[in-house]
Every structure is written in structure tokens, then in C-alpha cells.
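These are my notebook entries on one model. I looked up its core, its helices, its loops and its surface in turn.

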Amino acid sequence: MAEQTAPEWRPHATVGAILLLDTLAIGYAPSGPWDSESFSLGVMGLIGMVLLYVAWYRLTFKRRGLVPWLDLWQDPVGSSRKILFTGVATLVLAWVVGNPLQEQMPDPSGLILTLIGLLMLLNGIYVKLSIGPLADSE
């Protein structure tokens, strides 16, 4: 079997960071076919976040893909705790961004952070159940 090389992650990280910087700080976006600069800006921000996730996945797991399968994890017990904590912290951040900081952030920021936080919680709970009560018995 030929040895695989880790996929390149830097282009994804660079373009994702530029798109996110534009979304959060600069605010330039074409009006696009939907004739709405704010919608285009939101789409650019989402694309930037997806590209940053792909870069993180490739850097972390040294392979192409999007789903962090449980067999790729080195320490599922410790990592699931970290993911659960980070998910709760993301939900708290979503509340802060969606309420006190609503005027300074793009409108759907709180909703997007809530979605990310809930997905993190779902992943952490899945891992906890997979290594605990729902673990395969051998």
C-alpha cells in the first residue's frame, strides 16, 4: 500500500480567514443576483466558516473528509468533555452575540452560533453514549 500524504489545508484556511475577516470587519459584498449585499455578506461568512472547518479537519486528522468518525479520535473520553464544554460556551457566546451585542454583529450571528453550539453538544453526547452505555460489547 502506498503511503498517503496529508492533504493541503493552508489554502482553505487562508481563503476562509479572508472571507470571515471581510464579513466581520470590512463588510464588502456584491449585491449578487438576489440584490442584497447583506445576504451576500452572510453567504461569504458561511463559506469562510466552512473552509476554516475543512482546514481544521485536514490539519487535525491528516486526511480529507468532513465527519470526525469516532475511530479517528485518540482520546474520546477527554475530547468529548472538551466538546461538551465548548458547546456550552458557544451557546453562551451565541446569547451574548444575539442580545447585548446585536447592534455590533450581523443579524443572524446569534442563530449561526447557536446552531454550531448545538451541533457540538450533539456530537459530544453522541461520543459519550458511544463509549458508555451504547458501546459495542466484545
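**Entry 1: the core**

I began with L19: apart from neighbours within four places in sequence, L19 contacts M44, I47, G48 and L51, contact meaning heavy atoms within 4.5 Å. The model is predicted, so I note that local features need pLDDT of at least 70 and side-chain atom pairs count only at pLDDT 80 or more, while totals for chains, interfaces and linings use all residues. Residues are numbered from 1 along each chain as its sequence is written, and side-chain values use heavy atoms, with hydrogens and water left out.

I then asked which residues make up the largest nonpolar core. I found five: L19, A29, L41, M44 and L51. A nonpolar core is here a set of buried Ala, Val, Leu, Ile, Met, Phe, Trp, Tyr and Cys residues joined through side-chain atoms within 4.5 Å. Buried means under 20% relative accessible area, exposed over 50%, and partly exposed in between, with a 1.4 Å probe and protein chains only. Helix α2 (residues 37–61) gives the most to this core, with three residues. Helices are DSSP runs of H or I with at least four residues, numbered from the N terminus.

**Entry 2: helix α2**

I compared the span of α2 with expectation: its 25 residues reach 36 Å from first to last C-alpha, close to the 36 Å expected at 1.5 Å a residue. The expected span is 1.5 Å times one less than the number of residues. I listed the buried residues of α2 as S40, L41, M44, G45, G48, L51, V54, A55, Y57, R58 and F61. Helix α1 (10–26) is among what covers them.

I also looked up S38, which is found in α2. S38 is exposed, because its relative accessible area is 58%. The C-alpha atoms of S38 and P106 are separated by 8.4 Å, although the two residues are 68 apart along the chain.

**Entry 3: positive phi values**

I recorded that most residues other than glycine have a negative phi. D35 lies in the loop between α1 and α2 and counts as exposed, because its relative accessibility is 63%. K62, also not a glycine, has a positive phi of about 55°.

**Entry 4: helix α4**

The buried residues of α4 are S109, G110, L113, G117, L121, G124, V127 and S130. Their cover includes α3.

**Entry 5: the surface**

I found a nonpolar surface patch of Y53, W56, L66, V67 and W69, with about 530 Å² of accessible area together. Such a patch joins nonpolar side chains (Val, Leu, Ile, Met, Phe, Trp, Tyr) within 5 Å, from residues with over 30% relative accessible area and no salt bridge; the areas come from the Shrake-Rupley method with a 1.4 Å probe. L66 is in the loop between α2 and α3, and counts as exposed because its relative accessibility is 52%.

How many salt bridges does the structure hold? I found one, the criterion being a side-chain nitrogen of Lys or Arg within 4 Å of a carboxyl oxygen of Asp or Glu. The side chains of E8 and R10 meet in a salt bridge at 3.2 Å, N to O. E8 is partly exposed at 40% relative accessible area, and R10 is partly exposed at 48%.

Definitions and conventions:
Helices (H or I, at least four residues) and strands (E, at least two) are DSSP runs, numbered from the N terminus. Patches are made of residues with over 30% relative accessible area and no salt bridge: like charges are joined within 9 Å, nonpolar side chains (Val, Leu, Ile, Met, Phe, Trp, Tyr) within 5 Å.
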